[in-house]
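Visitor: Hi! Could you walk me through this protein in plain words?

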Amino acid sequence: MRTQTRQQGGRRRRAVSAATVVAIGVMTLGVLAPPAASAARPDAVQQSLNALVRDDGMPAALASVQDRDGRTRTYTAGVGDLASGSKVPRDGQVRIGSNTKAFTAVVILQLVGEGKIGLDTMVDTYLPGLVRGEGIDGRHITVRQLLQHTSGLPDYGVHVDDDEIRNRYLEPRELLDIALRYKADAAPGETWGYSNTNYVLAGLIVQKVTGRPLAEEMDRRIIKRIGLRHTYFPAPGEMTIREPHPRGYHRNPADGPLRDFTEMDPSWGWAAGQLISTNSDLNRFFTALLAGRLLPAAQLAEMRTTVPAGTSGLRYGLGLTSRPLSCGGVYWGHGGDIAGYETRGGVTDDGRAANVAVTSIPTDDAAAQHVKDAVDRALCG
């Protein structure tokens, strides 16, 4: 969850210094790959993951790839724990950062379909008097602008430090208060600009309208509905990851050493970035979403209506992005960064799905591109 250079779900500053390469030699191929694949040369996805470890210094890389017929392959490279050298758990749980935004947007759009929220209704209708600041007025910001990142609201995420918040529980209102100390980035509707503050407000609207905690609504409306068995919203104070997982590592500052950041309080992400999941569950979520199993057709069409987001061909809808593929067409997803983990991936309209996770946020643009390239290779075959 970052600035515009990390549109899909990073948080803050893009560092330009190269990551220190971590020398790791353990590479493993997914259990569902045919035996011949390991006897012969690794396939394109495995080669991509191997390179992320070997050349970009990622402690571990994981992927889950689903073809048009629903067949799935899982892949791993690197080690799950730098201290012990243990294997990477197959399809292990990771913190999925701003992929959480897609879940939050789905809940909002379900409520739109139920007639309980209006996309073009002003935020002040649901949260009267709450959104005020320099150049900021909730009476002039719509729910659509929150979900689309066109509200002009400043991002609280660029004003918090990983080490300072690692062990601290933050209420959603505290996150909003951090943002409102700063002036608006732009007038509502004027331009696209990634801001975690938008999704904190979206989560508060869900709670106001339903009278229930966001985590409960997300669990009931999405996670249980489509059988995401390894996805959950950590409870207050829950700093560990429940199921088998690779450990996550973080550099702060960006040219500093890798430090184990697996245990942390993720409350600063809340509706913008708190979820934990697996690559396969993310594929299942985005596949179900694009297939119309979570939203009525009208709301899914709104979600897929996009605006340009940066210069790389990325476009942003309502909690959903599209990105061009080298083999033609686009894939739909989101992506996320949170200290210790980065996830990228999505699904195509013809049913292909791929998600890649690495266990450290890339600290240079080349490494970040290599993660996206791994997704492209998985989807293009």
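**Charges, rings and a helix**

Guide: Let's start with Arg-242, whose charged end sits over the ring of Tyr-232, 3.8 Å from the ring centre. A charge sits over a ring if NZ of Lys or CZ of Arg is within 6 Å of the ring centre and within 35 degrees of the ring normal. This is a predicted model, where local features need pLDDT of at least 70 and side-chain atom pairs count only at pLDDT 80 or more, while totals for chains, interfaces and linings use all residues. Residues are numbered from 1 along each chain as its sequence is written, and side-chain values use heavy atoms, with hydrogens and water left out.

Visitor: Which ring does the charged end of Arg-304 sit over?
Guide: That one is Trp-332, with the charged end 4.6 Å from the ring centre.

Visitor: Okay, what about salt bridges, how many are there in the whole structure?
Guide: A search finds 26. A salt bridge here is a side-chain nitrogen of Lys or Arg within 4 Å of a carboxyl oxygen of Asp or Glu.

Visitor: Which residue does Arg-144 form a salt bridge with?
Guide: Glu-302, and their closest N and O atoms are 2.8 Å apart. This pair links distant parts of the chain, since Arg-144 is in helix 5 (residues 143-148) and Glu-302 is in helix 12 (residues 297-303), 158 residues apart. Helices (H or I, at least four residues) and strands (E, at least two) are DSSP runs, numbered from the N terminus.

Visitor: And Asp-69, is that residue buried or exposed?
Guide: Exposed, because its relative accessible area is 61%. Buried means under 20% relative accessible area, exposed over 50%, and partly exposed in between (1.4 Å probe, protein chains only). Asp-69 forms a salt bridge with Arg-71, at 3.4 Å between the closest N and O atoms. Arg-71 is exposed as well, at 54%.

Visitor: What about Asp-137, buried or exposed?
Guide: Buried, at 15%. Asp-137 meets Arg-139 in a salt bridge of 2.7 Å, N to O, and Arg-139 counts as partly exposed at 47%.

Visitor: Which residues are linked in a network of salt bridges?
Guide: Glu-114, Lys-116, Glu-217, Arg-220 and Arg-221.

Visitor: New topic! How many aromatic pairs does the structure hold?
Guide: There are 5. Rings of Phe, Tyr and Trp (its six-membered ring) pair if their centres lie within 6.5 Å; planes under 30 degrees apart count as stacked, over 60 as edge-to-face and the rest as tilted. Phe-103 and Phe-285 make a stacked pair, 3.9 Å centre to centre with 15° between the planes. Phe-103 lies in helix 3 (residues 100-113) and Phe-285 in helix 11 (residues 279-290), 182 residues apart.

Visitor: Is Phe-103 buried or exposed?
Guide: Buried, with a relative accessible area of 0%, and Phe-285 is also buried at 0%. Together with Phe-286, Phe-103 and Phe-285 form one aromatic cluster.

Visitor: Last one: which residues of helix 13 are buried?
Guide: Among them are Ala-367, Val-371, Ala-374, Val-375, Ala-378 and Leu-379. What covers the buried residues includes helix 2 (44-54) and strand 2 (60-66).

Visitor: And what happens just after helix 13?
Guide: There, Gly-381 takes a positive phi of about 75°.

Notes:
Contact = heavy atoms within 4.5 Å.
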